[in-house]
Amino acid sequence: KGPDPDVEVIAKKLANIKHKILVLSGKGGVGKSTFSCQLTYVLGSDPQQRVGLVDVDICGPSVPTMMGVGDEQVHESGNGWTPVYVADNISVMSIGFMLPSPDEPVIWRGPKKNGLIKQFLKDVDWDDSDDMEIDTLGAGESSGLDYLIFDTPPGTTDEHLTVVQYLKQSGIDGAILVTTPQEISLQDVRKEIDFCRKANIKILGIVENMSTFICPNCHGENIIFNPTTGGARAMCHELGLNFLGSIPLDPRIGRMCDNGKSFTEEFPESPAAQAYIQIVDKI
Ligand code: ADP
């Protein structure tokens, strides 16, 4: 079996996107999608930066709701599917937009999932804006986003393997791993680290989410999930990886996610928003 020609088609399609970053986690529910959305908002808070967020979670796409575009439809244009815009410089595309019903579970085997992801990578038209010099582009090329963030499902799944296989010629800058402090979550992050190493993907760093809770009344900091093994910081130290920072628990994050609003924009002074902003600064 020869090389898949679609690898090249996808590389061409994504050639003008400057940075491609994967967001991974070992387990679900650790705040990976929330992080992907906040990363997108913080990068996009600079109007000069054009940012795209892709959700490749077939079984549990949460990006449309978190970005406030759950009811949107994607349109097919001459060049493929047009992403949904949440701001002039921020666009979102979710595999959830392409599934028949948001409430029905997707029960698909690997090859069908792979086919959809491949089509998704090939056919989304990030080349959108009127102000870009589209005329200068070659056939099949698209104009430049500064960042394309991939929110992936938890664990190491068919979706990851497909994304990595099809992006290998397009160049991935690296992966950010999100975890909570408990050893049970860190154990699974070690598997993600191993996956990145085997797949030759640089690990940009590890984010620890829900590290502490800062009381809104007395401002005292409480540890909710006791990191028996020293948490993500100690793991980074042990494995020679970059520790990007800790995000405290803040109930308003869940509320903002459910309402499709940017937490960092709504509560910029909060310790959690500051943590997101500082982490993005380090990337
Ligand atoms: P994952 O993508 O890892 O499955 P999500 O990003 O969907 O996790 O987050 C799971 C839930 O936890 C969501 O309801 C989200 O709003 C909430 N959440 C994430 N991070 C925080 C945090 N730091 N403080 C409070 N709630 C959070």
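**Fold, ligand shell and loop residues of the predicted model**

Strands E5 (residues 84-87) and E6 (residues 90-94) run antiparallel and are joined by three bridges. Strands are counted as paired if DSSP finds at least two bridges between them. Val 84 has Val 92 of E6 as its bridge partner. Two residues lie between E5 and E6, and the two strands form a hairpin. In a regular strand, side chains alternate between the two faces of the sheet.

The structure is a predicted model, in which local features need pLDDT of at least 70, side-chain atom pairs count only at pLDDT 80 or more, and totals for chains, interfaces and linings use all residues. Residue numbers start from 1 along each chain as its sequence is written. Confidence is expressed as pLDDT, the predictor's score for each residue, from 0 to 100. The chain has a mean pLDDT of 88, with 93% of its residues at 70 or more. Residues 130-137 stay under 50. For this segment the model has four contacts beyond four places in sequence. A contact requires C-beta atoms, placed from the backbone, to lie within 7 Å. The model scores are ipTM 0.99 and pTM 0.92.

The chain contains 10 helices and 11 strands. These elements are DSSP runs, numbered from the N terminus: helices are H or I, at least four residues, and strands are E, at least two. The radius of gyration is 19 Å, close to the 19 Å that the globule rule gives for 283 residues, so the chain is as compact as a globular protein of that length. The radius is taken over C-alpha atoms, and the rule is 2.2 Å times the number of residues to the power 0.38. Along the principal axes, the C-alpha atoms fill a box of roughly 60 × 40 × 40 Å. Of the 283 residues, 42% are buried. Burial is assigned from C-beta atoms placed from the backbone: a residue is buried with 20 or more others within 10 Å of its own, exposed with 12 or fewer, and partly exposed in between. Among contacts between residues at least 6 apart in sequence, 77% join residues at least 24 apart.

The ligand has 20 residues around it, of which Gly 31, Lys 32, Ser 33, Thr 34 and Gly 254 come nearest. Elements giving two or more residues to this shell are helix H2 (32-44), strand E9 (203-214), strand E11 (243-249) and helix H8 (251-258). H8 provides the largest share, four residues. A residue is near the molecule if its C-beta atom, placed from the backbone, lies within 6 Å of it. By class, the shell has nine nonpolar, nine polar and two charged residues. Nonpolar covers Ala, Val, Leu, Ile, Met, Phe, Trp, Tyr, Cys and Pro; charged covers Asp, Glu, Lys and Arg; the others, Gly among them, are polar.

Several loop residues were also examined. Most residues other than glycine have a negative phi. Asn 200 has a positive phi, near 65°. Asn 200 sits in the loop between helix H6 (183-198) and E9. Asn 200 is exposed, because 9 other C-beta atoms lie within 10 Å. His 219 also has a positive phi near 65°. This histidine, His 219, is in the loop between E9 and strand E10 (221-223). His 219 has 8 C-beta neighbours inside 10 Å and so counts as exposed. Glu 269 lies in the loop between helix H9 (263-266) and helix H10 (271-282). Glu 269 is exposed, because it has 6 C-beta neighbours inside 10 Å. The C-alpha atoms of Glu 269 and Ser 91 are separated by 25 Å, and these residues are 178 apart along the chain.

How values were computed. Two residues are in contact if their C-beta atoms, placed from the backbone, lie within 7 Å.
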